[in-house]
Amino acid sequence: MSISDEFQADIEALPNILQRKYALLRDLDKSLQEIQRQNEQRCEQEIDDMKRGIKSGSITPNSSLLKFSDDALDEQKHAIRIADEKVALAVQVYDLVDTHIQQLDQCLKKFDEDLRREREAIATAGSPPAPENSNVKSGKSGETSNRGRKKTRLATATAAASASASASAAATANSSSMELDIPVDPNEPTYCFCNQVSYGEMVACDNPDCKIEWFHYGCVGLKEQPKGKWYCSDCVGTQRRRKTR
C-alpha cells in the first residue's frame with residue numbers, strides 16, 4: 001500500500017474519531033457547568049451562614065470557622081479534575097489532526113518528487129505527450145484545444161490534494177483555487193483568473209483572442225466538461241459590449 005493509500009484510509013476514519021471525541025468533550029463540559037453551578041450555590045449559602053453567625057456573635061471575624069465546608073472544597077477539586085480532562089482531550093484532538101497534517105505533507109513531498117522525476121523523464125525523452133482534441137484538459141501534460149492552441153505544463157496537485165481537501169472540507173469546500181505547501185517551478189506558466197499553475201481539470205475559452213485562455217473548473221464554476229462552445233466571463237462581457245454598439 002502506497003503512502004497516499006494509507007493516508008486515504010486514515011483520513012476516512014478521522015471524522016468519526018473526531019466526532020466521538022467532541023461528543024465526550026461536550027459531556028465533560030456539561031458536567032463541569034453543573035458542578036460549578038452547584039458549588040456556587042453551596043458557597044453562597046455558606047457565606048450567608050457565616051454572615052448571620054458573625055451578626056449573632058456565634059462566629060468571630062477571625063475565627064477558624066470562616067472557611068468553606070469540606071463538601072464545597074471537594075466540589076471545587078472535582079471541577080478542576082474535569083477541567084483538566086477537557087484540556088487533555090483537546091490536546092489529543094489537536095495532536096490527532098496535526099499527525100494527519102504531517103502525513104499529508106509527506107504525501108505531497110513524495111508527489112512532488114514524482115512530478116520532478118516525470119519532468120526529468122520528459123526532458124530526457126525530448127518529446128511532449130500527444131495533444132488532445134478537446135478544449136478541456138487535465139493538469140498532467142501539454143494538450144491542444146479544439147482551435148489548435150497549445151500550452152505545455154505539468155500538474156501540481158491530483159489525488160493527494162483531493163485528500164487534503166476532504167480532510168478540511170468545511171474550510172476548503174468553497175475554495176476555487178488550490179494552495180499547496182510544495183515547491184513549484186518558478187518557470188512554470190500560470191493560468192486562469194487565480195493566476196496559478198495548472199492542476200486538476202481545466203477548460204479553454206473558445207474566444208481566439210482570450211488573454212487568459214485556460215481556466216480551472218472551480219474558478220469558473222464548472223463541475224464537468226461544458227457542452228458546445230464555452231467563453232469566460234471576460235470574453236462574454238466583451239462580446240455583449242460589441243453587440244450593443
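Which residues of the largest nonpolar core touch the most other members? Before I answer, two remarks on the model. It is a predicted model, in which local features need pLDDT of at least 70, side-chain atom pairs count only at pLDDT 80 or more, and totals for chains, interfaces and linings use all residues. Residues are numbered from 1 along each chain as its sequence is written, and side-chain values use heavy atoms, with hydrogens and water left out.

Now to the core. A nonpolar core is a set of buried Ala, Val, Leu, Ile, Met, Phe, Trp, Tyr and Cys residues joined through side-chain atoms within 4.5 Å. Buried means under 20% relative accessible area, exposed means over 50%, and partly exposed lies in between, with a 1.4 Å probe and protein chains only. The largest core has 15 residues, and those touching the most other members are Val203, Cys205, Cys210, Phe215, Trp230 and Cys232. At least two residues of this core come from each of the strands β4 (201–204) and β5 (214–216). Strand β4 gives the largest share, 3 residues. Another core, of 9 residues, lies apart from it and includes Ile11, Leu14, Leu96 and Cys107. Helices (H or I, at least four residues) and strands (E, at least two) are DSSP runs, numbered from the N terminus.

Let us turn to the aromatic rings. Rings of Phe, Tyr and Trp (its six-membered ring) pair if their centres lie within 6.5 Å; planes under 30 degrees apart count as stacked, over 60 as edge-to-face and the rest as tilted. The structure holds 2 aromatic pairs. In one of them, Phe193 and Phe215 are tilted, with 4.9 Å centre to centre and 55° between the planes. Phe193 lies in the loop between α4 (169–172) and β4, while Phe215 is in strand β5, so this pair ties together parts 22 residues apart in sequence. Phe193 counts as partly exposed because its relative accessibility is 38%, whereas Phe215, at 0%, counts as buried.

Phe215 also pairs with Trp230: the ring centres are 5.6 Å apart and the planes stand at 65°, so this pair is edge-to-face. Trp230 lies in the loop between β5 and α5 (233–244), so the pair ties strand β5 to a part 15 residues apart in sequence. Trp230 counts as buried, at 12% relative accessibility.
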